[in-house]
Amino acid sequence: MHKEAEIRQPLILGNKSYKQITDDVVAPVFGKANKLWWLVFGISVVIALWGVGCILYTIGTGIGVWGLNSTVGWAWDITNFVWWVGIGHAGTLISAVLLLLRQKWRMAINRSAEAMTIFAVMMAGLFPLMHMGRIWNAHWIMMPVALFPNNFGSLWVNFNSPLLWDVFAISTYFSVSLVFWYIGLIPDFATIRDKAVKPLQKKIYGILSFGWTGNAKAWIRFEEVSLVLAGLATPLVFSVHSIVSMDFATSVIPGWHTTIFPPYFVAGAIFSGFAMVQTLLLICRKVLHLEDYITVKHSEYMNIVIVITGSMVGTAYLSELFIAWYSGVEYESYAFLNRATGPYWWAYLCMMTCNVVSPLLFFSKRLRTNLWFSFIISIVVNIGMWFERFVIIMSTARDYIPSNWDYFHPTFVDIGIFMGTIGIFFVLFLLYARTFPVLALNELKSILKSSGDNYKRGDVSHPVVPLLASGVIASPSSTKSTAISHPPKTKISSKKDDLTKIEGIGPKISGLLQADGISTFEALSNALPSKLKEILEKAGKRYQMHDPTTWPRQAKLAFENKWDALETLQDELKGGKH
């Protein structure tokens, strides 16, 4: 009934049960952060503080501390703004489109993509606020709309300007994305609420879950609302990034005044968005030990999308060059010739190399299934997309008046603010990963029986099979129970493993485990904690301080020959980090 085609690789690895999925996904919420998380978080905090210092310096001194010396007044800041908007707009689109297309592999990436949207749009919003100079008067820009339009003459907002369209489009998109993200979290909040032991934690997640009960009516409404919001978010993404492109396309500057910008910007946003999701997921996979849920196959699927969208972006680059030549307009031809051979040739070369050449390497299956290579290319792509925005803005600063031409040199404040937003983004994401489930917990469970590794191998055809294999419960054939009329045939290996390699198991406990039928790493990884505690009680009071709940996790790593990971886990256990 639940069996999936054999040619499809499993999306959930390991011999997982529903309870194990819950325990693994919510472990970062209840457990202590490991050293790797603190390392990444510490680096992000340092960079974020650098950025906050530069932002405060800008507000206190004025935007004259930026390197503004050309006809493009925003310089780096509109480059950074469009870059963050592109990354942000892709997140909800990725989740919504994959939901509408019923793609099962979205379960591992949708939550990170949606969170990426929220934090990236927040980073993008910092740049218009800073560019206002007097940020304490930011509320004035909303007064004409909300309170008294035209009362103060023509100094108020021009409703025909695409800059005002940006305000409405981005704020609308942010609102829909926030609701879409939060709605998906409600069932998972309820799961954490039910597992929480601390009263305060239980109360907080109880409030966040809105009294979710998990009955049939709630799930029906949940699915309906998710589909409606996905349907709203998908066209909204296309319209929003098209509007952002109008900031440039509605001008008369050569190199900007082009109708290709709307689809070109949308393709670029999806391109950079998938690359950033890839970066975040591979970090989460390592830092939060989610290797069984964020698999090589997930990474490969995202790399395939990166190849497709990168090819679309490359086609747009070539189309621009062709149209500039074919138009016969000397100003347009010069604008694109200046991009490739002018003073910013190095930025153009970086853009073409990172965005067009590097994704093509993923045509090799060996490279697109290599996680380290995928991580590097995901960063390279986002560097290239930043250079794309830089090339569009700065190389086109040469307008019709040569006396306005200049070469842009960023100040330490420009660099600090941009790097600071990256630091703040990662700080927010890492805190989110320690507070909320980074994977769609309940959706993962829905694909376990169709895409789980053990189900696809045929190792599990009934919930009691893992217990039969571990020897924790007796075979139905040895009892008179008629609960299972046709018990599954389970082959139990006679091979024995050295269980003393598991931290907390000595020769005596190993003998007791084997006497109970638990003689292999595989069997121990599936054993019930209650059964293991009974075995400890047989060992005597001397062994009562041991924690048998860590044994299955260690045994699973040993069974999969992940000895380095096992050694790391045992070091943590010895240090008291359970």
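T191 is found in helix α6, which covers residues 162-195. This is a predicted model, and its protein chain holds 24 helices and zero strands. Welcome to a short tour of a few of those helices and some residues in them.

**The chain as a whole**

- The protein chain has 578 residues, and 52% of them count as buried.
- Take the contacts in the chain with a separation of 6 or more: residues 24 or more positions apart account for 77% of them.

- Setting aside residues up to four places away in sequence, T191 touches T22, L441 and N442.

**Helix α3**

- Helix α3 runs over residues 76-100, and at 1.5 Å a residue its 25 residues should span 36 Å.
- Most of α3 is covered, with 23 of its 25 residues buried.
- Just after this helix comes R102, which takes a positive phi of about 55°.

**Where α4 meets α9**

- Two packed helices are described by the angle between their axes and the distance between the axes.
- Here the pair is α4 (residues 110-131) and α9 (residues 261-287), whose axes come within 10 Å and cross at roughly 115°.
- That angle makes α4 roughly perpendicular to α9, since the range that counts as roughly perpendicular is 65 to 115 degrees.
- The crossing of α4 and α9 is right-handed.
- On the α4 side, the contact is made by S112, A113 and M116.
- On the α9 side, G273, M276, V277, L280 and L281 take part.
- By type, the residues of this contact divide into six nonpolar and two polar, with no charged residue.

**T117 in helix α4**

- Helix α4 also contains T117.
- T117 counts as buried because its relative accessibility is 0%.
- Which residues does T117 touch, not counting those up to four places away in sequence? They are G88, G91, T92, Y173 and S177.

**W37 in helix α2**

- W37 lies in helix α2, which spans residues 35-61.
- With a relative accessible area of 5%, W37 is buried.
- W37 and I283 are 246 residues apart along the chain, yet their C-alpha atoms are separated by 9.3 Å.
- Leaving aside its neighbours within four places in sequence, W37 is in contact with V287 and L288 and also with L430, L431 and R434.

**A565 in helix α24**

- A565 lies in helix α24, made up of residues 563-574.
- Its relative accessibility is 33%, so A565 counts as partly exposed; that class lies between the buried limit of 20% and the exposed limit of 50%.
- Q554 is 11 residues from A565 along the chain, and the C-alpha atoms of these two residues are separated by 9.0 Å.

How values were computed:
Residues numbered from 1 in each chain as written. Predicted model: local features only at pLDDT ≥ 70, side-chain atom pairs only at ≥ 80, totals over all residues. Heavy atoms only, no water. Axes fitted to C-alpha atoms, helices over the stretch in contact; angles between N-to-C directions. Helix = DSSP H or I, 4+ residues; strand = E, 2+ residues; numbered from the N terminus. Parallel < 35°, antiparallel > 145°, perpendicular 65-115°, else oblique. Left-handed = near helix turned anticlockwise from the far one by under 90°. Contact = heavy atoms within 4.5 Å. Nonpolar A, V, L, I, M, F, W, Y, C, P; charged D, E, K, R; others polar. Buried < 20%, exposed > 50% of the residue type's maximum accessible area, 1.4 Å probe, protein only. Expected span 1.5 Å × (residues − 1).
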